[in-house]
Amino acid sequence: MSQRELSELTGCDKSTVSVIIKRFEGIGLVERTMGASSGRRGRPSESLRISELSGLLMGVHLEFECLRFVAANVDGRPFASIDRPLPTTPSELGDDVRNGLEALCNEVGRSLSEIRAVGMTLPGLVGSAGGLAESSNLSWDTVAVPDLLRTKIGAPVYVDNDSNASTLAEHLFGVAADLSDFIMLDGSRGIGGGVFIDGRLYRGRSGFSGEMGHIKVVKDGRMCGCGAPGCLSAYICAPALVARSRRVPGISKFSDILAAAEAGNPDVRYLLEEAGQFLGVAMATLINVFDPPAIALGGIIAQIWPYIENSTRQTIQQNAMRTPAREYEIRISTISNSQIPWGGVTLALEGFSNLHPTDPLPW
Ligand SMILES: [Zn+2]
């Protein structure tokens, strides 16, 4: 955009914008370009963009099967990724992350020294100091991730729970970009989420908030990976859906469920409708507690949404308070199912662009 547009958008006067842009140009962060016409008689106008040479933001996703590395320019939009094997023990993590970053840099023809920040996502409870405190999906408990990375990586590293990172990504780039308050529910191997209030992620006392997957939907129900019975996750995460449809011939993985649902298999359609009811119970609770302007749904919940929408909405109507139940909005994420995950680079961008970090990691 142009300096004039920046001035209008930020409310800063033109000379202030000009001073800041000169400083950004000085450190190579932005560059001038002749943009498309701004509409008035088709004249091209000078505009500013983030320089592609201003550095790299890297995302590192510790997933169940692999370590996934994602590269983005400083605008935070991912453009390349590679998968590497998961370390067998936490002690290998530091070297594996460094080697993976180096491999991705080589692949995109850039160097490690261009990395401005790294954002790392973990599949479990992540304390506010960045350590993995508990993971029901990964048998690595109480792992001090920042300590493992401290001496291996030159750039600052920001570590958070994968669903918190997805929530931030929806706010910066996705379906919640225009909202300062929303609730995110994100599904894959488990169900996670995030509570976004007043323009920032609510992290709770120790960083553990937003565990929507463990909202109780059935008293004494199915056992959840967290060790307690009746959680939402025990009914609607991918492994739970596969386990619950094991009597249906031909179902052994989540993509089989999607294919069967699309083909109109009545057993699978019934199972998904029921899953929608459990989701509706949890969402009715969230609507009653938070009165959110919107609830964003991502990951597998977004994928099965066409088959669960009716039962979910109906259950919300039956269980939420009448007035908020009339006004809530559901938004279906698209970036959460993109080929390259957005969460890690979003954490890196948040950290890199934060002028006043409130909870810097100890490096
Ligand atoms: Zn649970």
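Contact is taken here as heavy atoms within 4.5 Å. By this criterion, and leaving aside neighbours within four places in sequence, Glu114 is in contact with Gly55 and Leu56. The structure is a predicted model, in which local features need pLDDT of at least 70, side-chain atom pairs count only at pLDDT 80 or more, and totals for chains, interfaces and linings use all residues. Residues are numbered from 1 along each chain as its sequence is written, and side-chain values use heavy atoms, with hydrogens and water left out.

Glu114 is found in the loop between helix H3 (93–107) and strand E6. Helices (H or I, at least four residues) and strands (E, at least two) are DSSP runs, numbered from the N terminus. Asn73 lies 41 residues from Glu114 along the chain. The C-alpha atoms of Glu114 and Asn73 are separated by 9.9 Å.

Strand E6 spans residues 115–122 and includes Thr121. Thr121 counts as buried because its relative accessibility is 2%. Buried means under 20% relative accessible area, exposed over 50%, and partly exposed in between (1.4 Å probe, protein chains only). The side chain of Thr121 makes a polar contact with the side chain of His61, at 3.1 Å. A polar contact is a pair of N or O atoms within 3.5 Å; within protein, one must be able to donate a hydrogen and the other to accept it, and residues adjacent in sequence count only if both atoms are side-chain atoms. Not counting residues up to four places away in sequence, Thr121 touches Val60, His61, Leu62, Asp160, Asp162, Ala165, Gly343, Gly344 and Leu347.

The domain assignment of the protein chain gives domain 1 (3–50), domain 2 (56–167) and domain 3 (175–333). Such bounds come from an automatic or database domain assignment. The centres of domain 2 and domain 3, taken over C-alpha atoms, are 27 Å apart. At their interface, 15 residues of domain 2 are in contact with 17 residues of domain 3. The two domains bury about 1,300 Å² between them, with 50% of it on carbon and sulfur atoms. Buried area is the accessible area (1.4 Å probe) that two parts lose on being put together, summed over both.

Two salt bridges are found across the interface of domain 2 and domain 3. A salt bridge is a side-chain nitrogen of Lys or Arg within 4 Å of a carboxyl oxygen of Asp or Glu. The side chains of Arg189 and Glu65 meet in a salt bridge (3.5 Å, N to O). Five residue pairs, both members at pLDDT 80 or more, are in polar contact between domain 2 and domain 3. On the side of domain 2 that touches domain 3, strand E7 (125–126), strand E9 (157–161) and helix H5 (162–173) each supply at least two residues. H5 gives the most to this side, with four residues.

Helix H5 also holds Asn164. Asn164 counts as buried because its relative accessibility is 1%. Beyond neighbours within four places in sequence, Asn164 is in contact with Gly193, Gly194, Leu201, Arg203, Gly207 and Ser209.

Backbone angles complete the description. Most residues other than glycine have a negative phi. Asp198 has a positive phi of about 55 degrees although it is not a glycine. Asp198 sits in the loop between strand E11 (191–197) and strand E12 (200–201). With a relative accessible area of 65%, Asp198 is exposed. Asp220 has a positive phi of about 55 degrees and is not a glycine. The loop between E12 and helix H6 (233–236) contains Asp220. Asp220 is exposed, at a relative accessible area of 62%.
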